[in-house]
Amino acid sequence: MVQRQDATFTEWRAESDSPRAQSTTTNRGQRQIMEISIRLARSSDLKDYTNLLQKTYQEAYTNKKLGLTQNLFSREVFSTKDTQNYLKSNLRQSAKQKTWLVFIGSKLIGSITAANKENECELKGFYVATKFQSRGIGKMLFKHAFDFSKRRDMVLDLYAHNRKTINIYRKWGFRVDKKKGVIYSHWPEWPEGLRAKRIYMRLSSRTSA
Ligand SMILES: CC(C)(COP(=O)(O)OP(=O)(O)OC[C@H]1O[C@@H](n2cnc3c(N)ncnc32)[C@H](O)[C@@H]1OP(=O)(O)O)[C@@H](O)C(=O)NCCC(=O)NCCS
């Protein structure tokens, strides 16, 4: 029988797309309830999408011990032609690829891209603005990607020092794909010789039994 193997994952699928509203604090310290909305990305989202990813990369991936300083994920690095082309390609919708964006009011606070290949679905550009993390928004985005994957294995790669997110994926049933080994990232703008280790993870669509 073909079924998802992770019980926790199945449980949350039964929930609605909660949360639909988030409380935020205004400059004056007042609590406000803001509506959350989710929609497919458009090419005109590029500027906000770039800002979301740039800030979240900088906050999530900077690591002194590894030599990954803030300026390696600066606005300048994100505005290079190569990076802009990569981001634009994520915003392109097709029968095989979809990107969803989450907004609070008109502010973009989260994104996910799912790209279906023959046997697997690749997850890319999965980011929730730091201030809004750990409130269920990532799970809501992931549900869209999961449904789109139509029972394919889900695969992704991420920085090996990103322990928090590795633990989130493990909770959802992903496991490190040891067969694929590791890769080392080096962005052209980084100092020569600086590399950051990345690992692959996979959510298998079949039980082994
Ligand atoms: C990964 C990310 C998109 C998840 O979004 P999020 O809104 O923070 O996730 P959620 O609030 O929906 O939490 C998802 C699950 O992780 C758990 N979780 C949240 N914060 C956690 C933490 N610090 N440690 C362990 N588990 C955590 C939640 O309890 C929830 O568990 P559940 O599914 O059993 O309910 C977001 O944290 C992020 O942008 N991280 C930095 C960038 C990144 O690593 N992106 C992924 C690149 S591959």
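Guide: Helices here are DSSP runs of H or I with at least four residues, and strands are runs of E with at least two. The model is predicted.

Visitor: How many helices and strands does the protein chain have?

Guide: By that count, the protein chain holds six helices and nine strands.

Visitor: What share of the protein chain counts as buried?

Guide: Of its 209 residues, 23% count as buried. As for contacts between residues at least 6 apart in sequence, 63% of them join residues at least 24 apart.

Visitor: Which residues of α2 are buried?

Guide: An α-helix has 3.6 residues a turn, so residues three or four places apart point the same way. In α2 the buried residues are Y49, L52, L53, Q54, T56 and Q58.

Visitor: Now the ligand. How many residues surround the ligand, and which are the closest?

Guide: The ligand is surrounded by 22 residues, with A60, Q133, G138, K139 and T165 the closest. Elements giving two or more residues to this shell are α1 (7-13), α2 (46-61), β5 (120-128), α5 (137-149), β6 (153-159) and α6 (163-171). The largest share, five residues, comes from α6.

Visitor: How do the residues of the shell divide into nonpolar, polar and charged?

Guide: Nine are nonpolar, nine are polar and four are charged.

Conventions
Residues numbered from 1 in each chain as written. Predicted model: local features only at pLDDT ≥ 70, side-chain atom pairs only at ≥ 80, totals over all residues. Near = placed C-beta within 6 Å. Nonpolar A, V, L, I, M, F, W, Y, C, P; charged D, E, K, R; others polar. Buried ≥ 20, exposed ≤ 12 C-beta atoms within 10 Å, placed from the backbone. Contact = placed C-beta atoms within 7 Å.
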